[in-house]
Amino acid sequence: YKAGYSYLMTLGLSVVAGGLLVRIFIFFHDCAHQSFFASRKANSILGYLCGILTFIPFAEWRKSHGCHHNTFGDLDRRGKGDVWTLTAEEFRSASKPKRFWYRFFRNPFVLLGLGPAYLFLVSYRYPHRGARRRQHYSVIITNAAIMAIIIVASLTIGFKAYALIQFPVIFMAGVIGVWLFYIQHQFKGVCWKRHDQWDSITASLLGSSYYKLPKVIQWFTGNIGIHHIHHLRARIPNYNLQKAYDDTKTFLDVKPLTIRKSFACLQLKLWDEKGQKLVGFKSAYA
């Protein structure tokens, strides 16, 4: 950019850089599960470093993600580390302002546009309700490191150049990350249960997708598309997920979700408890 090349070249390279940042996030994710290294200390060190690069406070995110693993697919324990999802009955009985905000949030341009930008640039910049001292410190450390990087960049290449390079990269990585997280638990055929009927094995196999991706994309996303295996055994590191799938696919009959079919999942907005499936807004009133 500073050398006078077209900014379109920067935007094009940001797609590749965003993909690499997603792969760094996968390392961060494995460190949160204490699975990337055998050493807890090594996982924490790498986790904090990757968190600075991805703009995510390590200890703060690790806590919310742990809640996600303990509650995903449980209708009675929604709201922590997951995508905001209402049942059809809850939506019908909600106030007009709540229905408006839910529709706004579920709009693909918001969910995959404004959402990632807000999440990575704003939401992760402060500790959330219930955060303990360790989570507070992780937010402070991450913010301080990001600020130091911004200051150094401003004094060398200039803040404008830094922003024009960094924002597209973090935005692209955020869009990919949010999309992956969405499609992992919001797909046709997903199984959600009330707490008294919920169990982790069923939730893993039927409440987590197997997102079958081309090999190149699978490399950038660190095999996280094999999400049912990840939820069955979160301590399996990303570099062993494919082997774990290959070793278990003969007796774990999970239908893969392809990229082409996955885009239709954006039409799924609400959980229909009677039909036991995700439906669109129109179906909620049928």
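Colleague: In which helix is the place of His-230?

Modeller: His-230 sits in helix 11, residues 227-232, where a helix is a DSSP run of H or I of at least four residues, a strand is a run of E of at least two, and both are numbered from the N terminus. The model is a predicted one, in which local features need pLDDT of at least 70 and side-chain atom pairs count only at pLDDT 80 or more, while totals for chains, interfaces and linings use all residues. Residues are numbered from 1 along each chain as its sequence is written, and side-chain values use heavy atoms, with hydrogens and water left out.

Colleague: Why is His-230 called buried?

Modeller: Buried means under 20% relative accessible area, exposed means over 50%, and partly exposed is in between, with a 1.4 Å probe and protein chains only. His-230 has a relative accessible area of 1%, and therefore counts as buried.

Colleague: Which residues are in contact with His-230, once its neighbours within four places in sequence are left aside?

Modeller: They are His-29, His-33, His-65, His-69, Ile-224 and Leu-241, contact being heavy atoms within 4.5 Å. As for Gly-66, which is 164 residues apart from His-230 along the chain, the C-alpha atoms of the two are separated by 13 Å.

Colleague: What makes Ser-138 count as buried, and what does its side chain lie beside?

Modeller: Ser-138, found in helix 7 (residues 133-156), has 0% relative accessibility and so counts as buried. A polar atom of its side chain lies 3.2 Å from the backbone nitrogen of Glu-60. Apart from neighbours within four places in sequence, Ser-138 is in contact with Tyr-48, Pro-57, Phe-58, Ala-59 and Glu-60.

Colleague: Is Ser-14 buried or exposed?

Modeller: Ser-14 is buried, because its relative accessibility is 4%. It belongs to helix 1 (residues 7-32) and touches Pro-168, Val-169 and Met-172, not counting residues up to four places away in sequence.

Colleague: What is the phi of Phe-55, and what is that of Asn-223?

Modeller: Phi of Phe-55 is near 70°, a positive value in a residue other than glycine, and Asn-223, also not a glycine, has a positive phi of about 65°. Phe-55 is in the loop between helix 2 (40-54) and helix 3 (58-71), whereas Asn-223 lies in the loop between helix 10 (215-220) and helix 11. Phe-55 is buried because its relative accessibility is 10%, and Asn-223 is buried because its relative accessible area is 14%.

Colleague: Why are strand 1 and strand 5 said to stand at the edges of the sheet?

Modeller: The sheet is open, with three strands in the order 1-4-5 and mixed pairing. Strand 1 (86-87) and strand 5 (277-279) each have a single partner strand, so one side of each is left without a neighbour in the sheet. Two strands pair if DSSP finds at least two bridges between them, and three bridges join strand 4 (residues 270-272) to strand 5, running antiparallel. Among the residues involved, Trp-271 has Leu-278 in strand 5 as its bridge partner.

Colleague: Which residues line the largest cavity?

Modeller: Its lining is made up of Gly-73, Cys-191, Trp-192, Lys-193, Gln-197, Trp-198, Asp-199, Thr-202 and Ala-203.

Notes:
1 Å grid on protein atoms, 1.4 Å probe; cavity = no way out; pocket = protein on both sides within 12 Å on 5 of 7 lines; lining within 4 Å. Polar contact = N/O pair within 3.5 Å; in protein donor to acceptor, adjacent residues only side chain to side chain.
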